[in-house]
Structures are given as C-alpha cells and as structure tokens.
Amino acid sequence: MAEMQTNETERQVRYSPAEIEPKWQAVWDADAALYAAEPHETGKPKYYCIEMLPYPSGKLHMGHVRNYAIGDALARHMWMRGYNVLHPMGWDAFGLPAENAALKNNTPPREWTLANIAAMRQQMRRMGLSYDWATEVTTCLPEYYRWNQWFFLKMYEQGLAYRKNSKVNWCPECATVLANEQVVNGCCWRHEDTIVEQRDLTQWFLRITRYADELLQGLDKLEGWPEKVRTMQRNWIGRSEGTNVDFAEAKSGAKITVFTTRVDTIYGATSVQLAPEHVVAKAFAAEDAALAEKIAELLEQQKQAREAGDVGAIEKHGVDTGRFAINPYTGEQVPIWVANYILADYGTGAIMSVPAHDERDWEFAKKYGLALKRVIVPEEVTELPDLPYVEEDKSVLVESGAYSGLSCAEAQRQMQALALEKQFGTATVTFRLKDWGVSRQRYWGTPIPMVYCACSGEEPIPVPAEQLPVLLPEQIEITQQGGSPLGRVPEFVQTTCPRCGGPARRETDTMDTFVDSSWYFYRYTDAHNSSAPFASDKANYWFPIDQYIGGVEHAILHLIYSRFWTKVMRDIPSGDGGLIRNSEPAERLFTQGMVIKDGAKMSKSKGNVVSPDDMIARYGADATRMYALFAAPPDRDLEWQEEGVAGVSRFLGKVYRLTTKYAAVRGSAEAGAGNGAGLKLLRTLHQTIAKITHDFGGRWHFNTSISAIMILVNEIAAHEAALDSGEVPPAVVAQLFRGLTQLLAPFAPFLAQELWAQTGGEGAVFRAAWPAVDEALAREDELEIPVQANGKLVTVIKVAADSDQAAVQAAALADARVAARVAGKTVAKVIVVPGKLVNLVIK
C-alpha cells in the first residue's frame, strides 16, 4: 500500500503556546457572542454553571486557577453537549482588605479595588476562561449595591431587618463587629491570631432565625450537595426540641424561665443556674455588693473563655446566691446559683440542674457538693447504673410523683401538656443559629439605607426606594479610630428626613460584605437591569444553579446566608407570586480541594503563592490549567509541583506534533476501519470518549479523563509507523485526530482550537458536537481475566468478550498454570465474576 501523504510540517514541529494562545484569544475576544448564553426560547436545555466569585485582592494564584479550571472544563463540555450555558464571573468587591490597603498605601479603596479587578480580569482572559463578560457583576458599584439597599428595605417592611442593643463579637484588628459565623476558634476569620472581644453595641440584624426550620429541613432535599457541607449546616443551625418551664424566685416571685430538652428529669432538679448576665442575677447583684463582685468574676471568666474560642471547655465555677426558686411540678424550693458556663444568649440564659442525669450538671454538682436525685432508671433494671445516667430510650421515671413508671417520651408529652394547662410552660424549639448581625463599623461597604430624626423619637426611618442608592462617598479619610469612618463625613451624615422634611442624620454603619455575595448569582441573569435587581422571568429560567463550585470553607458563611436570601426573595411579593420561584440557590454544589505548597494551603497570607502568570510564561495557559485538573482528583488537595506543569507541557507538545503531522489527512467515512492498527486505534478512541463522557456525568475524575487522553495519544504514537505506511485508512486517521481534538477541548482549549482548525474544523471547537460513543467499536474483542486460587493470583487468561460463565470457567481450568496448581487437589468451587476474575477454591 502506498505511503500516506502527511503534512509538510511533519519535520520537528515545535509546540509554541506563546504563539498559539494569544492568537486564539484575540479571535475569541473579537466574538462577543462566543460565550454568551442564548435566548430562553432556544429550545435547548439550560445549564447554569458558576464558580464562587473572588475577592479582588490583586492577583490570582494557582488555588484560584484550579477552581476556575474545573468550572471552565464543565462549561465547555456542556456547550459541546448541546446545552444553553450561562457561565459568568464577577467580583466580591467590598470588604476590609481595600480599607487596609488604603491605610497602608494611601490609595482610595475604590481605586485600589478597580485596578485589581482589571488586573485579575486580564489574568482570567489569558487563562482562556470562558466567561461571558457582558454579565459581569462588581458589587462595589452603585448599580449593584443599590439593590442591597432595596432588599434591606424589603426585609425591614417584613420585620426581617431590625435594630437592637446586643452583645457582639468585636475584632480589634478589623475594628468592627463580626457575625457569629465569622468567629473561628475564638478568633477573627480574617485574622486567625486575633482574639475576638465581646462588646455591647446597637446593631442591625437580619432575622435569619425565622427561616431556621426551613433552612434545616431543606438540607434533606439538597442531594447534590456534599454531605460534609450539609452536616456542617445542620450542626450550625442546631435545632433542639424541648420545654420552657417557669420557676419562680421564692422571695419576689420573679419568673425564671429555663429551657430543657429533658423535662422528664425535672423531679431530679436540685438547683437552678443562671448566666452571669441574666436579668435575675443582675437584680440579685444590685442588692448584694459581695455577690455582685463574685458574679463579675464569673462574667470575666466567661469572656476569657469566649475569646479563647471554646466556652464549652471552660473550667466550671459558680456562686450560690442564697436565693431559692420553686419547682412548678413539685412545689419544692431549689437553690439558685450563677454559673460561668451558662450563656445569656443561648436558650433562656437559665437551666435547671439535674446532676444525676446530665454529665455537665454532674461535674458541677460534685465540685460544689450539690444534691443528687435519681429519677430515671432502665426499663429492666437488676442493678442501678452508675450516675450520671443519661439514657433516654428504654428508660422509665421513678421518684417522680404521678409520672413514675412512664417512659421518658410519654412523661415528656404529659409534662408539657400540664405546663401548658397550668400556664407555667410550653413545648418549644430552640436553635443554635442566631440572627445575622450585619452592621459593620467600616467604610468600604453598602451604606444602610436608614435615617434618624427627632420626629420619630430616634426610631429608624427607611430611605424611600426612589431615593436609592444611598451613595458611598468616594474620598474620605479612613482611620480605625472613633467608630464608623462615615460618621466623620458631615456631607454624608447630614440629610433631610423623608418623613417630616426636617434635618436628620444617616445611619453610618455599612452592611456585612456577605450581603453582597448572598444574591450576586441572580444578578448575573440580568446584570444591567436598572429598574429591578433582576427580571423574575430571567431568574426563574436559570435557577436553580445547575452546578456551583467553591471551597468548603464557605459552608457556614456564604452558603447558609445565600440559602436564607433565596428564601426571602421567594417570599417578596411580585406579580403573581414571589420575586423568584425556587427555594434553594443551587441544585448541585462541588467543593474543590485546596492547592498545597510547602505543607500549607496556598494563600497570600502564608507567602507561598505561585502566580499563574509565571507558569503561563514558561509553559502556557493550557499546560497550567490542565495540570491543575490532572495532578489530583478535583475534590482532593493538590500538592503543588512545577515539574508536573512541565510534564503536561511536554505531553501537549506530543499531541501537537502528532496531530499537525496528520492534520491534512482526509478520507471517506465509508472506507471502514479495516483491521489491525486502524481498528485498535478507533477502539481506543471510543473507549476514551466513553470514559470522559462518564467522568463529566459523574464524579468529575478529570485526572483520569486526562490520563485516558494520554493513553490514547501513546497508542497513536505506538502506531505511528502504521499511520505513515498507509496501513490505517485515511478516514480512520481523520476521525482519530478530530476526536482527540474534541476530547482535549474542555481541558486545553487553545491547543484544541489550533488543532481543530488544522484538521479542517469550522468555528469554535467547543461549539462543535461532543463525539458520540460507538458502543460496538468501544467493546473489546477479547478480555484479560485474572485467575486466582484461594485468592492468590495464578495467571491471566484471554477470552472472547462475549464468553459466558461456562466458557470462562472452562478456559481457566484448561490453562497450563492453573492445571499445575490444582494437580492432585480438589476444586471445591469455581467463582466467576463476569468480565472481572475467576477464583478457584481448592482443597
């Protein structure tokens, strides 16, 4: 057979990403519609894929690249699968780092932020990321944050936004309040070594607790979210069912409400314990200076434990007040104590202490010699168990009056009914989740749209919606002293009361920046709407998000806030229903692993970042992003090794050399695959298509997808002589390299586009149809089956792929090595796992 004609560039072709990548980026940049979603009426199934938007801190590092490369590969694949894809990007642009940079560099936060955005956007373009920049969102611009303010007013109308004096978390480094979710092990989430203090301040809160039950129950429906994230949210919401019971202070009759999950143990209560800040404790302290001093000491211990990050591990101390409370079930008096481990902001700030049936109460009672009373025992008891006995199932009450002999569950029901009837208690549910404190004493955030005027008695007055946005002044002096920086800007503070027309002052706190990121993905669907945050029909078409990608560190903060915000928007009246229809923002969530360097997560704060710019300059964008997908499964941590990028670059060079060599080969599809090399190559191609298609539809094992492409390329290289000699039909050669190019497109788009053009492809390769699997071609003619004897490998046999179990068993027993192993022995059993193995049980 005549030798196949190959491309003139066969001689030592050099892969040059520095030439290929900018060329195609310029082509893509010139096509505004290339990455744009199509109209809703297109008839295609929709696919909304986004990665969590970044904070514009200045430069991307390889940790960012890994996140974005995952989403980019998915978006390109879904385009090729015929979906209408929305793949946007934006900037979480408000926040503390911009203020710190202003203090350090004397650069206005807006100027610093927008310059960083421009630099990071350019990096993303150079990476070849497939974002539709026409939908870009920047949260620090008025056209975005005016809708933060609009939502705030809507929440205020519905009683979801309110203002109160509260004990709050204060970061002295940030010089601002932190939400409970932003305190990690007693320290600031941004400053890991800065201990958070407790302060009393008047703050704005969002009533997230109104949705606590729905937030908890909704987790069961989020089957596409990692179980780890759902567990973290369940634990944070912390639902507890129990009973509120009113004890009465014996002398004054003052009500002391305790919350207990085990009202069935109340006959064993031997004291009532109060938080140091409980109103009754304060009243006792006001009458007794010595007691007040001791309570103050307990409060200081509690404060130190909070700042150390683990109140639960506090060494327990308490003080007997000398007062007594009346148990409403027994009529007996029990002593009232104040204890440092009781928190004023958890439950009611008071507990009944049942040391015989609670480990914490037991510890406290033993320390101070308090009485113990056993009131719960096992159903079938031959010997009383050691105390504290905390079991509830298969247990019954004793020494509990009329309730003795009842199961714990039945006693709880009857005791709750009595409390309700006699009006000294009720069944109730409490949550660990607290309302979201959103006030921040910083400049670079969304101004809270409220004013204060004498006409309202200093009650907050909403700014009318038509006066939004309340603009953030652009040039102000930023310091970390004396409260909010906006309070020192008279032209901002001084305003006109919208109610009476008289002089008024603006709220000077700004919103928590997690407000910005709680709904940004809805704005992507209608990014330039000037009359609403977004059009409901557009949001309803795209939501819920089909795939959301980001770090697990956002499980409690961003992800729980965004779920809350979605439910609020659903309940805002609009047209025939709510602003949106969906109750959850994302159907599926993927949390990628971290990039590790020098034993730590890659981050600017640790000084161990690797710039993608450096990697691109040396190896190209395709090799850089492909390494981030290849080096480890995407849900696992990746240990950074530059040699890995170099290795991927060499592989891409091999792909380029082979494809360029045969790019000009064309042939008729009717010619068939032939036998031998052509058939083997086509089989490997279709097995690779099947493997990668499955990976995209399942667990995203992109590392094994890329490995499969490498196997395919190695197979091609091993048959290069057959390709050169013409043994492989031209149609097979053309199909082989076009298929390879399409498989490469989600992972190395620049090179794939270059090779697509060389092999005669038209338009963008990632807009071409994803190659279909030919199941018959992908199926092997023969299978290799391991044969074991008593679980130990003896040999590997080859059988026809369509062999039944009897044929496989016969082939195994006929093998010479197997025959030698079983000679003189009895084959008691033959286990055939179809297509996998044969195991002989011999005696």
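Guide: Buried means under 20% relative accessible area, exposed means over 50%, and partly exposed is in between, with a 1.4 Å probe and protein chains only. By that rule 55% of the 843 residues of the chain count as buried. The model is a predicted one, in which local features need pLDDT of at least 70 and side-chain atom pairs count only at pLDDT 80 or more, while totals for chains, interfaces and linings use all residues. Residues are numbered from 1 along each chain as its sequence is written, and side-chain values use heavy atoms, with hydrogens and water left out.

The C-alpha trace spans about 110 × 85 × 55 Å along its principal axes. The chain has 26 helices and 36 strands (DSSP runs numbered from the N terminus: H or I of at least four residues for helices, E of at least two for strands). Of the contacts (heavy atoms within 4.5 Å) with a separation of 6 or more, 72% are between residues 24 or more positions apart. The chain exposes about 36,200 Å², and carbon and sulfur atoms supply 49% of that area (Shrake-Rupley method, 1.4 Å probe).

Now the charges. The chain carries 87 positive and 104 negative charges, and their mean positions are 2 Å apart. Lys and Arg count as positive, Asp and Glu as negative, without His and the chain ends; each charge is placed at NZ of Lys, CZ of Arg, CG of Asp or CD of Glu. The count of salt bridges comes to 40, the rule being a side-chain nitrogen of Lys or Arg within 4 Å of a carboxyl oxygen of Asp or Glu.

One of these joins Glu 584 and Lys 567, with N and O 2.9 Å apart.

Another salt bridge links the side chains of Asp 571 and Arg 570, at 3.0 Å from N to O. Arg 570 counts as buried because its relative accessibility is 17%, whereas Asp 571, at 32%, is partly exposed.

Glu 643 and Arg 650 form a further salt bridge, with the closest N and O atoms 2.8 Å apart. Here Glu 643 counts as exposed at 52% relative accessibility, and Arg 650 counts as exposed at 53%. As for joined-up pairs, one network built from salt bridges with shared partners holds Glu 214, Arg 563, Lys 567, Arg 570, Asp 571 and Glu 584.

Arg 146 belongs to helix 5 (residues 142-157), and its 22% relative accessibility makes it partly exposed. Leaving out residues up to four places away in sequence, Arg 146 touches Leu 468, Pro 469 and Ser 530. The C-alpha atoms of Arg 146 and Leu 471 are separated by 8.3 Å, although these residues are 325 apart along the chain.

Gln 412, in helix 11 (residues 408-422), is buried, with a relative accessible area of 15%. Apart from neighbours within four places in sequence, Gln 412 is in contact with Thr 261, Arg 262, Val 263, Asp 264 and Glu 392.

Two strand regions complete the picture. Strand 10 (residues 239-249) and strand 11 run antiparallel and are joined by six bridges (a pair of strands needs at least two DSSP bridges). They form a hairpin with five residues between them, and Gly 253 in the turn has a positive phi of about 80°. Asp 246 has Thr 257 of strand 11 as its bridge partner. Five of the six residues of strand 11 (residues 255-260) are buried.

Elsewhere, four strands make an open sheet in the order 22-21-24-23, with antiparallel pairing. Strand 22 (461-462) and strand 23 (494-496) are at the edges with a single partner strand each, so one side of each has no neighbour in the sheet. Strand 21 (residues 450-452) pairs with strand 22 over two bridges, and Met 450 has Pro 462 of strand 22 as its bridge partner.
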